[in-house]
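Subject: Structure handover

Hello,

Here is the structure for you to look over. My notes follow below it.

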There are 2 protein chains.
Amino acid sequence: MPESQATATAQEQRLELISRLADAGTEPSAADLGQLRASHPADLADIIEQLPSEPRLRAVHLLGEDLPADSLASLSRRVLDQVASAIDPGLLARLTGELETDDAAYVLECLDETRRARLLKEMPASEAELARQALEFQADSAGRIMQRDYVAIPSYWTIGQVIDHLRDSPDVPDEFYALFVVGARHTPVGTIPLHRAMRTHRDVRVADIMTRDPKVVQVNADREDVAFVFDQYELTSAPVVDAQNRLIGMVTVDDVVDVIQEEASEDMMRLAGVGPEHDIYTAAVQTARNRFNWLLINLFTAFLASAAIAVFASTIEQVVALAVLMPIVASMGGNAGMQTLTVAVRAIATRELTPANAARVLGKEVLVGLCNGVAFAVLTGLGAGLWFSSVPIGLVIGAAMIFNMVVAGLFGALVPMMLERARVDPAHGAAVILTTVTDVVGFFAFLGLAQLTLL
Amino acid sequence: MPESQATATAQEQRLELISRLADAGTEPSAADLGQLRASHPADLADIIEQLPSEPRLRAVHLLGEDLPADSLASLSRRVLDQVASAIDPGLLARLTGELETDDAAYVLECLDETRRARLLKEMPASEAELARQALEFQADSAGRIMQRDYVAIPSYWTIGQVIDHLRDSPDVPDEFYALFVVGARHTPVGTIPLHRAMRTHRDVRVADIMTRDPKVVQVNADREDVAFVFDQYELTSAPVVDAQNRLIGMVTVDDVVDVIQEEASEDMMRLAGVGPEHDIYTAAVQTARNRFNWLLINLFTAFLASAAIAVFASTIEQVVALAVLMPIVASMGGNAGMQTLTVAVRAIATRELTPANAARVLGKEVLVGLCNGVAFAVLTGLGAGLWFSSVPIGLVIGAAMIFNMVVAGLFGALVPMMLERARVDPAHGAAVILTTVTDVVGFFAFLGLAQLTLL
């Protein structure tokens with residue numbers, strides 16, 4: 001496969017370049033700098049990110065004026081913050097001014113207060129004003145990912161007029177995928193995908209070929225909703241309107257792809273109790289602090305589980321086999337619950353799980369818990385019974401297993417549904433609630449049944 | 001916010017429609033059927049998916065000829081399989097024939113052997129042949145998501161010739177975002193985004209405005225690699241070539257968005273031990289079976305952890321506080337390790353974690369484990385020491401905590417890196433290896449230290 005080979009080679013060359021540049025002791029060779037300069041802006045950003053701190057700043061310094069503006073916008077938050085501090089303020093202002101509004105806002109957002117103010121002052125006035133406006137929209141809103149350039153045309157034009165306008169007007173964005181048709185008070189009334197415009201003869205009127213009732217994005221809409229609309233209706237761009245339904249910008253699919261990646265990352269991170277602001281370039285101490293809170297909550301719930309065990313301390317003293325076996329029930333419940341939880345969280349995110357089918361999914365998950373509960377009751381009961389040569393121990397652990405796995409299925413589905421209904425991110429905190437339940441129920445069911453039947 | 005309201009209302013209307021249609025007792029009203037017919041194909045697919053089995057088939061039956069082909073392609077695998085069996089074979093063949101090649105292949109892929117053969121026979125011959133070819137490409141390869149229609153032009157044409165060709169040729173795909181420029185033996189030598197073509201005067205030559213060295217996708221490339229290229233270089237479409245570097249198709253960004261969503265789902269599911277072929281529409285027994293293997297592995301590792309405890313049974317008999325406290329160290333190690341593991345798996349997927357920075361990330365994660373290990377050693381030591389009024393117990397649990405959290409950081413980063421190097425999906429099985437390590441080390445460190453120091 002020549003392409004995979006080609007990609008592998010490009011990737012390998014990049015890795016070799018990084019390892020040469022990462023050597024803080026030697027100055028980069030002219031050939032390495034040349035390779036750096038010849039890289040695509042997105043690849044250059046990856047190289048800069050993967051360098052250790054010092055060589056990273058040196059590389060940025062050596063690139064100087066040759067650093068493409070688009071590389072800046074492709075950097076992770078923390079790396080961008082560090083890199084920006086090492087770039088000459090005038091150059092930084094010029095680069096940021098070259099970016100599309102949403103990318104310029106991203107750069108500004110990553111800087112601290114003072115540096116942001118200074119950058120805004122040094123940027124071209126009109127770009128600074130647009131970026132300032134973008135920053136006023138809520139984080140995670142469509143306003144933050146829209147660009148302010150778009151092509152708006154009246155519906156009474158002919159395609160010929162549109163083409164002449166595009167060819168001769170300097171006021172057209174660098175990239176666009178559709179023409180937005182506006183009516184009175186700049187309200188979007190239709191869209192024309194470029195491929196349709198290109199196939200249409202010059203004398204045809206815009207009104208005759210435009211898609212009416214276009215999918216329009218409100219500037220305050222949550223970016224997750226925007227991503228859903230793009231995914232659902234296979235859009236490449238969409239007009240953005242303000243509260244008065246006036247066209248004020250455009251969201252394009254490349255920004256939406258980033259949103260989809262970030263939202264998927266956030267859900268995964270939240271399920272594991274890692275803050276969403278986290279990235280692999282964060283320093284160790286800061287990383288430890290980011291993860292501390294989640295672990296603290298877990299410590300609290302671990303003590304809760306211990307308290308459940310402590311209730312049965314005297315039983316354990318008499319039958320030490322219980323201490324040996326008790327983590328099994330809790331662990332299986334936790335794992336089965338996390339399976340259900342993950343499926344439910346993802347299905348809520350992709351909008352496959354809605355109030356319309358929630359009851360059915362809940363019922364199904366309880367049934368799944370029951371099926372696997374019975375299966376693992378048999379296996380675990382046999383294993384434990386044989387190990388300690390005790391039928392009662394086998395029966396007790398089996399019964400506790402069925403009970404805990406049904407509970408796991410129930411709570412694994414119920415917790416994210418209830419969080420979603422309470423308008424809390426369903427991934428957020430769901431895992432800790434769930435594992436607390438499965439731990440406490442697991443220990444209680446097993447040790448409680450043992451106390452009732454074995455002594 | 002009018003738009004969110006509008007969306008909410010549309011969503012609510014959909015939910016109400018679903019609950020009315022879900023009522024198996026009453027026939028759907030004419031108004032409900034009208035609403036169903038007026039739905040966007042993607043929304044209609046969502047409605048069909050969220051209905052219970054019987055009303056789902058009834059709805060499809062009532063829609064009959066009005067079922068849009070695109071709705072079929074938007075259905076989840078299992079729902080599509082069920083729905084297809086309820087559609088008249090002739091209609092199914094007509095609908096599938098209307099789809100783009102990649103979507104037609106998806107429909108065929110979801111059917112069983114006999115039904116697939118029959119559908120291929122009833123489809124229009126040329127479409128059937130293309131779909132058959134698509135199915136011959138490996139699952140998860142670019143060949144499966146490409147469409148066979150594209151616009152190819154020679155570099156010596158003028159833009160005027162291109163426009164005339166597009167306007168008059170019947171042989172142009174429904175949707176396209178770029179013109180592919182081909183040289184000798186149909187090799188892609190450049191691309192022109194439509195917005196650039198539209199802004200260019202008729203007399204300019206293609207060769208003068210095309211982007212040279214376009215990003216080309218090999219037909220056998222992994223679709224994850226294709227998604228990376230689209231994301232990295234912000235593409236909306238890319239030419240697909242065969243082993244001889246001849247243009248044979250086109251991948252578009254809407255298919256890539258689906259790939260990104262699916263790959264993110266798969267990683268989440270794998271981390272939680274849920275098979276990737278899983279969806280929420282799978283029946284309970286099948287779901288239970290899908291999740292059984294993962295739970296079986298977990299049962300095995302849980303018994304391993306129990307075996308570690310059993311080594312110290314006599315110690316536990318003497319100091320029952322150990323049985324009460326021992327899950328804490330294991331649980332904290334498991335949680336800290338899952339934080340690291342999730343970050344590492346995601347960073348590998350988004351290609352932020354590469355061999356170039358692996359050693360640094362590993363070192364950082366060990367350091368993070370040490371920082372939080374010390375912090376939680378103090379907290380847990382104090383808590384446990386006070387609870388059981390014993391300084392030695394506090395010291396033992398603290399020391400075990402530090403040790404286990406460093407191990408968690410080390411293995412949380414190392415396991416996915418090693419799986420990646422062994423060309424195994426890093427999400428696959430990583431969690432089970434990790435939690436086995438943190439459980440066994442957690443119990444061994446705590447109980448072993450206790451035995452050495454307390455008795």
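Helix 17 of chain A passes helix 22 of chain A in a right-handed crossing. Right-handed means that the near helix is turned clockwise from the far one by less than a right angle, and left-handed means anticlockwise. Helices (H or I, at least four residues) and strands (E, at least two) are DSSP runs, numbered from the N terminus.

First, the ground rules. This is a predicted model, in which local features need pLDDT of at least 70, side-chain atom pairs count only at pLDDT 80 or more, and totals for chains, interfaces and linings use all residues. Residues are numbered from 1 along each chain as its sequence is written, while chains are lettered from A and ligands numbered from 1 in the order in which they are written.

**The helix pair in chain A**

Helix 17 covers residues 284–310 of chain A, and helix 22 covers residues 430–454 of chain A. They pack at an angle of about 10°, with their axes 9 Å apart. That makes helix 17 of chain A roughly parallel to helix 22 of chain A. The cut-offs: angles under 35 degrees count as roughly parallel, over 145 as roughly antiparallel, 65 to 115 as roughly perpendicular and the rest as oblique. Axes are lines fitted to C-alpha atoms, for helices over the stretch in contact, and angles run from 0 to 180 degrees between N-to-C directions.

Which residues meet? From helix 17 of chain A they include Ile297(A), Asn298(A), Thr301(A) and Leu304(A). Among those in helix 22 of chain A are Val432(A), Thr436(A), Phe443(A) and Leu447(A). Contact means that C-beta atoms, placed from the backbone, lie within 7 Å.

**The two copies**

Chain A can be laid on chain B with an RMSD of 0.1 Å, by a turn of 180° and a shift of 0.0 Å along the axis. That is the relation of a two-fold axis. The superposition is by least squares on the C-alpha atoms of residues with pLDDT of at least 70 in both copies. Of the interface residues of chain A, 100% are also interface residues in chain B, so the copies meet through the same surface.

**Strands in chain A**

Strand 6 of chain A spans residues 237–241. Five of its five residues are buried, so the strand is largely enclosed by the rest of the structure. Buried means 20 or more other C-beta atoms within 10 Å of the residue's own, exposed means 12 or fewer, and partly exposed is in between, with C-beta atoms placed from the backbone. Ser237(A), Pro239(A) and Val241(A) point one way from strand 6 of chain A. Ala238(A) and Val240(A) point the other way.

Strand 5 (residues 217–218) of chain A runs parallel to strand 6 of chain A, joined by two bridges. Gln218(A) has Val241(A) as its bridge partner. Pairing requires at least two DSSP bridges between the strands. Strand 7 (residues 247–252) of chain A runs antiparallel to strand 6 of chain A, with five bridges. There, Pro239(A) is partnered by Met250(A). Strands 6 and 7 of chain A form a hairpin with five residues between them. Asn245(A), in the turn, has a positive phi of about 65°.

**The sheet in chain B**

Three strands of chain B form an open sheet in the order 5-6-7, with mixed pairing. Strand 5 (217–218) and strand 7 (247–252) of chain B stand at the edges, each with a single partner strand, so one side of each is left without a neighbour in the sheet. Val217(B) stands opposite Val240(B) in strand 6 of chain B. Val240(B) also stands opposite Gly249(B) in strand 7 of chain B. Helix 16 (residues 253–271) of chain B lies across strands 6 and 7 of chain B, at about 60° to strand 7.

**Two single residues**

Val256(A) is in helix 16 of chain A. Is it buried or exposed? Val256(A) counts as buried, with 24 C-beta neighbours inside 10 Å. Not counting residues up to four places away in sequence, Val256(A) touches Val226(A), Ala227(A), Phe230(A) and Val251(A).

Pro89(B) lies in helix 7 (residues 89–98) of chain B. Pro89(B) is partly exposed, with 14 other C-beta atoms within 10 Å. Leaving aside neighbours within four places in sequence, Pro89(B) is in contact with Arg118(B) and Glu122(B). Pro89(B) and Phe180(B) are 91 residues apart in sequence and 37 Å apart in space, C-alpha to C-alpha.

Best wishes

Key:
Contact = placed C-beta atoms within 7 Å.
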